[in-house]
Amino acid sequence: MPHSQTSAHRDSLSGVRLARGASPWLLPTVATAALSLARARRSRRAAAIAVPTTALAAGMLWFFRDPEREIAQGRVISPADGVVQSIMPWKDGRTRVAIFMSPLNVHVNRAPLAGTVTSVEHVPGGFVPAFNKESENNERVVWHFDTELGDIEMVQIAGAVARRIVPYLPQGTKVEQGERIGLIRFGSRVDIYLPEGVEVDVEVGQVTTAGVTRIDRD
């Protein structure tokens, strides 16, 4: 079994695999739904509340799901579920691939390559929608990995709804390709910078799956 599956910590609720870091949002929502359902037979008011709270709890369970993945083969794999928003040559010769995550995507991000986490930096900022160009100044967490391709930079960017990024790993941690490394609550954007000379094998508008979609070409 891959290291990413054996070492990842998760929250759990009724057997559902949930993302680590989901409890502060899930527990109050599920508790409210359960209480209103329990009182629904005795109170019309509780019955009226039970419908939206149960729907919200079900939505939260869906948002924070953390499915197991069979990690793909390839030098660089997608760190996020979502849609390729842009592919942009960078000033230093690297290529930035930006992946937009909607609220319907899995929000757990994965290591694009095996290596060592050399830095995890939280950068304060704004909270404009992640599809907006100005989102580059949003709240974000900047990762650097020492890999067989050299230094790989990955950036988790918060959006208008997702105002909390939860890194799972500290600096110095060795990671396997596809290992869970963090969570962006409710989606947003993840950027990965491919080193100079590494060609991109995805295109704008393409759907990606974290740990499954290869984003570079041999």
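In what order do the strands of the open sheet of eight strands stand? The order is S10-S6-S7-S8-S12-S4-S3-S14, with antiparallel pairing. This is a predicted model, in which local features need pLDDT of at least 70 and side-chain atom pairs count only at pLDDT 80 or more, while totals for chains, interfaces and linings use all residues. Residues are numbered from 1 along each chain as its sequence is written, and side-chain values use heavy atoms, with hydrogens and water left out.

View 1. Strands here are DSSP runs of E with at least two residues, numbered from the N terminus. Two strands pair if DSSP finds at least two bridges between them. Strand S10 (174-175) and strand S14 (207-208) each have a single partner strand, so one side of each lacks a neighbour in the sheet.

**View 2. The pairing of S8 with S12.** Strand S8 (residues 150-157) pairs with S12 in the antiparallel sense, over five bridges. Strands of a sheet pair through backbone hydrogen bonds.

View 3. Arginine 189 lies in strand S12 (residues 189-194). Its relative accessibility is 3%, so arginine 189 counts as buried (under 20% relative accessible area, with a 1.4 Å probe and protein chains only). The side chains of arginine 189 and aspartate 191 are joined by a polar contact of 2.7 Å (a pair of N or O atoms within 3.5 Å, one able to donate a hydrogen and the other to accept it). Serine 102 is 87 residues from arginine 189 along the chain, yet their C-alpha atoms are separated by 8.5 Å.

Notes: Helices (H or I, at least four residues) and strands (E, at least two) are DSSP runs, numbered from the N terminus. Buried means under 20% relative accessible area, exposed over 50%, partly exposed in between (1.4 Å probe, protein chains only).
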